[in-house]
Amino acid sequence: MTSRLRSLLLLLLLLLAPALAHAQAPDEGELGGIRAAFEFGKYAEVLERAAARIDRGNLDEPSLVELHKLAGLAAFNLGRRDEAGRHLRALLRLEPDYGLDPFVVPPPAIAYFEELRRELRAELDLIRQEKRLRAERERAEAAQRERERAANEERRRRVEELSRQVTVRTVEKRSFLVNFVPFGAGQFQQGRTSLGVIFAATEGAFAVSSALAFFAYEGLYEESEVPLPDLKGTNTQQKVHVRYIPTSKAAQRDNWRRVKYGAAVGFYAMYAAGVADALYHHQDEVVRTGIETLPAPAPGVTGGLSIYPLQGGAGAALSLRF
């Protein structure tokens with residue numbers, strides 16, 4: 001909404017406010033004066049002023065009920081039963097379940113009021129039913145308006161959300177050399193995590209098994225010094241340092257050798273399979289397209305200044321948008 005339109009609406013409301021207030025309720029000072037006159041026992045004045053104000057119209061229901069009550073009780077206190085009955089009947093037709101305060105109104109007036117209620121019983125039942133139907137209809141209309149408001153608000157929110165959505169294009173560069181790294185590195189780079197975990201776990205198990213078998217095999221060796229015979233007759237004793245696996249450990253030696261080389265072969269076989277799979281699925285670039293919603297702009301005031309030519313000069317206009 002532009003500031004010019006907002007200003008015009010505000011000015012219109014200010015101009016119509018007194019007229020609307022006058023059309024809805026009597027002047028509070030006037031109603032208060034009639035009520036004060038009734039409390040001081042000026043019943044003739046109350047009857048005259050209340051009747052005159054009712055005849056002028058433009059009253060809301062609570063004010064009309066109050067004026068009929070004051071006029072009816074004033075007429076009753078003056079002994080004018082016809083006028084009292086006319087005003088109190090009008091009060092009951094407005095509020096069929098209205099009750100007089102027994103601490104303020106004397107018992108004869110209350111008895112007369114209840115007599116009128118019994119006299120109008122059938123009519124008041126119809127009025128109650130009509131008021132109940134009207135209240136239900138108003139509640140249904142209010143609920144419908146609330147549903148429409150909520151639906152419009154949801155549509156507005158969706159339109160704003162859609163207007164903030166942008167298409168995001170992401171380009172991912174992938175290295176060719178990573179495909180030759182063991183332990184599923186190529187698969188992890190390509191986003192195939194499950195297969196990468198399989199290659200990593202299998203190659204890791206083979207590598208650990210081969211390393212353990214190597215150290216176990218090396219642990220079978222024993223060292224000793226073997227004397228050499230004196231073939232030249234120099235009487236010099238020479239010894240040679242020998243590293244060997246005893247014959248008693250031959251079975252262990254053969255088993256550990258098989259594990260060591262078998263695990264090594266398994267590791268390189270899985271490594272080759274992983275490299276081949278990574279090379280087969282390799283892409284230098286991977287393009288992903290998605291839709292993202294931008295955050296809502298912070299509330300504020302935007303505006304602009306425009307300049308336009310006039311005869312013999314120029315004009316400027318300032319616009320604000322909320």
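How many helices and strands does the protein have? The protein has ten helices and six strands. Both kinds of element are DSSP runs numbered from the N terminus, with helices being H or I runs of at least four residues and strands being E runs of at least two.

A word on where the values come from. This is a predicted model, in which local features need pLDDT of at least 70, side-chain atom pairs count only at pLDDT 80 or more, and totals for chains, interfaces and linings use all residues. Residues are numbered from 1 along each chain as its sequence is written, and side-chain values use heavy atoms, with hydrogens and water left out.

Of the 322 residues of the protein, 24% count as buried. Buried means under 20% relative accessible area, exposed means over 50%, and partly exposed is in between, with a 1.4 Å probe and protein chains only. Among contacts in the protein with a separation of 6 or more, 61% are accounted for by residues 24 or more positions apart. Contact here means heavy atoms within 4.5 Å.

Now the helix packing. Two packed helices are described by the angle between their axes and the distance between the axes. Axes are lines fitted to C-alpha atoms, for helices over the stretch in contact, and angles run from 0 to 180 degrees between N-to-C directions.

Take helix 4, residues 61-77, and helix 5, residues 81-94. Helix 4 and helix 5 pack at an angle of about 155°, and their axes are 8 Å apart. That makes helix 4 roughly antiparallel to helix 5. The cut-offs are under 35 degrees for roughly parallel, over 145 for roughly antiparallel, 65 to 115 for roughly perpendicular, and oblique for the rest. The crossing of helix 4 past helix 5 is left-handed; that is, the near helix is turned anticlockwise from the far one by less than a right angle, while clockwise would be right-handed.

On the helix 4 side the contact includes Leu64, Val65, His68 and Phe76, and on the helix 5 side it includes Ala84, His87, Leu88 and Leu91. By class, the contact of helix 4 with helix 5 has ten nonpolar, three polar and four charged residues. For these classes, Ala, Val, Leu, Ile, Met, Phe, Trp, Tyr, Cys and Pro count as nonpolar, Asp, Glu, Lys and Arg as charged, and the others, Gly among them, as polar.

How do helix 5 and helix 6 pack, and at what angle? Helix 6 covers residues 107-119, and the angle is about 60°, with the axes 10 Å apart. Helix 5 and helix 6 are therefore oblique to each other. Helix 5 passes helix 6 in a right-handed crossing. Helix 5 contributes residues including Arg81, Gly85, Leu88 and Leu92, and helix 6 contributes residues including Tyr112, Phe113 and Leu116. Seven nonpolar, one polar and four charged residues make up the contact of helix 5 with helix 6.

Next, the charged pairs. Side chains of opposite charge can pair when their charged atoms come close. The rule for a salt bridge is a side-chain nitrogen of Lys or Arg within 4 Å of a carboxyl oxygen of Asp or Glu. By this rule the model has 27 salt bridges.

Two examples sit in helix 7, residues 121-163. Arg128 and Asp125 form a salt bridge at 2.9 Å, N to O, and these two are three residues apart, about one turn of the helix. Arg128 is partly exposed at 24% relative accessible area, and Asp125 is also partly exposed, at 40%. Arg149 pairs with Glu146, the closest N and O atoms being 2.7 Å apart. Arg149 and Glu146 are likewise three residues apart in helix 7, about one helical turn.

Which partner does Lys173 have in a salt bridge? The partner is Glu285, with the closest N and O atoms 2.1 Å apart. Lys173 lies in strand 1, residues 165-173, and Glu285 in strand 4, residues 285-293, so the pair ties together parts that are 112 residues apart in sequence. Lys173 is exposed at 62%, whereas Glu285 is partly exposed at 42%.

Finally, two single residues. Gln165 lies in strand 1 and is partly exposed at 30%. Leaving out residues up to four places away in sequence, Gln165 touches Ile291, Glu292 and Thr293. Asn77, in helix 4, is partly exposed at 34%. Beyond its neighbours within four places in sequence, Asn77 is in contact with Phe38 and Tyr43.
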